[in-house]
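Me: Could you walk me through this one with a few questions and answers? Here it is.

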Amino acid sequence: MESLRIEAGKSSPEIDFDAASGVLRIRGESFPENAAKFYQPVMDWASRFLCEASGPKAVLELAIVYFNSSTSKVLMNLFQMAEKAAASGRDVSVRWICDAENETAIECGEEFKEDLSSLPFRIVVTPGG
Amino acid sequence: MSLNLYQFHEGIKKEGILFCYSGPISQSTVEGIGATLRLNMELEDAGASTAQTVFSVFVEQMQNILNYSAEKLGSIPETEKELRKGVLVIGHAEDGFFVYCGNRILNGDIEGLRSRIEAIRLLDKDSLKTLYKEKRKADPEAGSKGGGLGLIDMARKAGKPMEYGFTEIDGTFSFFSIKVSVQEKGSWKV
């Protein structure tokens, strides 16, 4: 499967989904005009990648400094997709990376985690500065 | 009109207004003003978390205009981009910041919008959190271009109940105004 790369824009994050390593990275800020449309190729790719039960170990690595409410909805869809894949035997987990000084990002990670009981979800707080 | 904006400028300064925008809004407006707003918040010595909250309310307000204002300037077919008009005001009051926003809506949409705001306006933070999470997991509502979460998100970030109103323009349109106040961390009054 080919990897998926989208450069960061002024209001959209960098997407770096590497099929070989199984690391699916989203990094930056996310407040596009139409989040559902921006993330459509991302969701399609993730859906194909995660549906192969025999695929490599998958890690969703998100370092999102800020996201708007419509992105929040899309991220929840992505996590639910990962949760389903996990339930059907795929090794998949989430690393939610945030800066110690970004309280909002930490709280947002916790709120996602609370709603995803069967998906391994780790909040990784990096030292601020 | 004489070429003198001094009175206007002094007037808005007295109201504590940091920013005032009226006109067509596109996503690049959101990005551009947003970047300037962040710099401005630094100069106002707002803490990182307050600045982030004001920025996020600003984005939700602007994108509401972008998605729902009934005042359109037509669309540019090649880019599928529409320009919609609205007014946005950001100010610094004694107890915090406010983000004030207005745009035209169809008279027929007033009741729906009013009931959506009334349903959440006076909820406490825990109930808003529960509602936000429920809506986030649910399928999108018909006619919603965002996640349908924008208003709830703003209510969660508001330091006091959101204020809003409708002013009738004519038989077709009304003007919708909504004000969200953001408490500054450290100045939270119970």
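Reply: Helices (H or I, at least four residues) and strands (E, at least two) are DSSP runs, numbered from the N terminus. This is a predicted model, where local features need pLDDT of at least 70, side-chain atom pairs count only at pLDDT 80 or more, and totals for chains, interfaces and linings use all residues. Residues are numbered from 1 along each chain as its sequence is written, chains are lettered from A and ligands numbered from 1 in the order in which they are written, and side-chain values use heavy atoms, leaving out hydrogens and water.

Me: How many residues of strand S4 in chain A are buried?

Reply: S4(A) covers residues 58-67, and this strand is mostly covered. Of its 10 residues, the number buried is 8.

Me: In S4(A), which residue is the bridge partner of A:Arg27?

Reply: Strands pair if DSSP finds at least two bridges between them. S3(A) (residues 23-30) runs parallel to S4(A), with 8 bridges joining them. In S4(A), A:Arg27 has as its partner A:Ala63.

Me: How far apart are the closest N and O atoms of B:Lys133 and A:Glu114?

Reply: A salt bridge puts a side-chain nitrogen of Lys or Arg within 4 Å of a carboxyl oxygen of Asp or Glu. Between chain B and chain A there are 5 salt bridges. B:Lys133 forms one with A:Glu114, and their closest N and O atoms are apart by 2.5 Å.

Technical notes: Buried < 20%, exposed > 50% of the residue type's maximum accessible area, 1.4 Å probe, protein only.
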